[in-house]
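Q: Could you take a close look at one part of this model for me, the edge of the sheet, and walk me through what surrounds that part?

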There are 2 protein chains.
Amino acid sequence: MRGEIICIGDELISGRVAESNSRYAAARLWPLDIGLAWVVMVGDDPAAIQEALAQACARADYLIVSGGLGTTEDDLTAAQAARFLGLELAEHPQKLQQLEDMLRPRGRDLTPEIRRMASMPSGARPLDPRSAGFALNSADGRPLYFLPGVPLEFRRIMEHTVLPELAARAGAGVVARRELRVYGLPESEVGRRLAGLTQSFSGAGLGYYPVFPEVHLILSQRAAGQEAASAALEPLEAEVRRRLEGHVVAQGGASLEQTVAALLSGQHLTLALAESCTGGLIGHRLTSVPGASDFLERGLVVYSNRAKAELLDVSPATLETHGAVSAQCAQEMAQGARQRAGVDVGLAVTGIAGPTGGSEQKPVGTVFFGLSHAGGTQTLQRRFYGDRAMVKAQAAETALDLLRRYLEEHAPVRGS
Amino acid sequence: MRGEIICIGDELISGRVAESNSRYAAARLWPLDIGLAWVVMVGDDPAAIQEALAQACARADYLIVSGGLGTTEDDLTAAQAARFLGLELAEHPQKLQQLEDMLRPRGRDLTPEIRRMASMPSGARPLDPRSAGFALNSADGRPLYFLPGVPLEFRRIMEHTVLPELAARAGAGVVARRELRVYGLPESEVGRRLAGLTQSFSGAGLGYYPVFPEVHLILSQRAAGQEAASAALEPLEAEVRRRLEGHVVAQGGASLEQTVAALLSGQHLTLALAESCTGGLIGHRLTSVPGASDFLERGLVVYSNRAKAELLDVSPATLETHGAVSAQCAQEMAQGARQRAGVDVGLAVTGIAGPTGGSEQKPVGTVFFGLSHAGGTQTLQRRFYGDRAMVKAQAAETALDLLRRYLEEHAPVRGS
């Protein structure tokens, strides 16, 4: 079973807005072995929409259409679908009722514009009480799904309706999925370590999605029922984790900063940051997690030597002998952050983000890390490649990962 | 003249890699009035490639194909192009020579794999000495471009060859372009203020690209020659700036942080940051600019009241009477940052990023700003809408814009 998606909109075909629904659908359908064979994008142009629908229905086993279901006059999809299928365009009574029920508590009226969201070819069924969108079959029985282009709504309807229905139709049974985020290994090495794995687990699938500087893995397991599929995921995930040796930094859709935040909160530990080359990126990532004020006492962006000495008690001798980019400086920064802030953990980064400032001994991309806690202070040195943004991204990721490993490996003993 | 792009690759159709060439091509072709009408994506599948080529040549005035021109066996595009056009696939002697010339200084041999890059339908012309890719006309005279999928190579060949050739073919003349980034006005208000503008300037075009929280404007002017086109842009840009009243925050492809960095460096001013709800995002943005260490002395992420008092001398009375989210606190934070760091300018942000922590008087999204300089300390209050990430993004943007306006409006007097 191979499908097609048609994405409709002048904003897409003019490049004004980046189209993202097709990749999302492709990435979700592929591991189920009911992937897309064609992605087509056209503008708000009736003739092009008719041609695209005709071509798709001639070659694809199912069709997903994204966009053109809004409340304005350039939203043509429902009318064009009706025309293509030779059906009347009609207001769906149940859908109209849902719209009224949604608007009433907000004190809003059912305007003619909003009524448009209830228009669909006669015989179609609405897909989601909160959104536009409908489904029906073509004359020869192919399932056709018409979804709103708004990514949040598109994804919700894909997850709740389209993916389960298509998987059931393909006899694919139920598929359970789990996401793992991997850091610290190149994609090729992740692939090498996991090669042949899916052959050892019946019904298993494995997708790789590099999202710099991480590699996201989607594990999937197909089985007759949900419980069996979820249960079958456990040994697969365990084997993946074993082969990746601690490089799984987050799971279940969480980010590394969410993982670290949950570990800090769970162990009732407080944190102070001392950032040089990352310039605030670690603080920004951690404070993107709601409730960060529970564990983050302060962050110090110490770009100057004066700030390192004044705010973190880095000794002039260290700066003179070893320089600001050194293991010794990282160690004193972490210790100073922890002691001055009176927190449990101090995390420090100092390095050369580039493009200038490198030397033969310390080339651009050289970064030192310090982690100070009740058990002592550890340091780490890394060399990163890429432009300034890539060095900063890898340095922030490595710092957060250093903290994650400490929090996961050590018993939660509260220091001061 | 309306075109089509076909993007080829299993990595695209499976969702493993995000396809970006089509949006790039669309956004570059649209302002020239020779935009794309169709975007099509297929896998490394000969039958699908043949079908896509046939459909494109039946409906498009020109065709761009992206991908499948590499050195491995799944790179099918050259062979499929030859088959579709009924031409021989042959090694292009001049291209072969270019490849040899490129490899020799690196001490590398012309392997059979690399030779594949010189294969093209007989009669085609190579497009770029450093990349694969070729062009030829269809039997009925439509221009067909086959480009490598690697985005850097795709874009280089688009800029150097495809765009000028297509523009000349359409008689579009030369088009000069300028980008302005706008902040502080909703897109609808930008549109209202600029409505009708292009009618007053012959050959003018205006594109809107919302990139949250900014709106990017592309001004374009078509004329017979480059000099005339560039000259015609000046009064258009002046009128746009007049109507947007100071809301243009960056130009020429620069970001707001690059604009602020250039102003600080140009005026030899130093800066200290005091961030609460932005959590380090302002520091991260400013340190993304190479050379930020010339002006950024330090940044303080003061998430706790203790840190605000200890590091910035915010008075206990202020925290008690007005709270940490107040104009008074923002003012003291900016003053404290400037004085303690001994710099020219102190910039402070304190607010409620949400989703919790709001009150009736200070709802989620309430943010106060402080800017302290030789002339005194100013404060600003704003209310932002959206989720935590959106509030942070708008708060950081507003803070940088406050600094930009100060630096642009005040004579460069060095304080201390």
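**The sheet edge**

A: Let's start with one pair: A:R125 sits opposite A:A135 in β7(A). This is a predicted model, where local features need pLDDT of at least 70, side-chain atom pairs count only at pLDDT 80 or more, and totals for chains, interfaces and linings use all residues. Residues are numbered from 1 along each chain as its sequence is written, while chains are lettered from A and ligands numbered from 1 in the order in which they are written.

β6(A) and β7 (residues 134-137) of chain A run antiparallel, joined by 2 bridges. Strands here are DSSP runs (E, at least two residues), helices are H or I runs of at least four, and both are numbered from the N terminus. Two strands pair if DSSP finds at least two bridges between them.

Zooming out, we're in an open sheet of 12 strands with mixed pairing, ordered β6(A)-β7(A)-β8(A)-β3(A)-β1(A)-β2(A)-β2(B)-β1(B)-β3(B)-β8(B)-β7(B)-β6(B). β6 (125-126) of chain A and β6 (125-126) of chain B stand at the edges with a single partner strand each, so one side of each has no neighbour in the sheet. Helix α7 (residues 151-169) of chain B packs on the sheet and touches β3 (62-66) and β8 (143-147) of chain B; contact means C-beta atoms, placed from the backbone, within 7 Å. The direction of α7 makes about 175° with that of β8(B), using lines fitted to C-alpha atoms (for helices over the stretch in contact) and angles from 0 to 180 degrees between N-to-C directions.

As for the rest of chain A, it has 16 helices and 17 strands, and its C-alpha trace spans about 85 × 50 × 40 Å along its principal axes.

Note on methods
Two residues are in contact if their C-beta atoms, placed from the backbone, lie within 7 Å.
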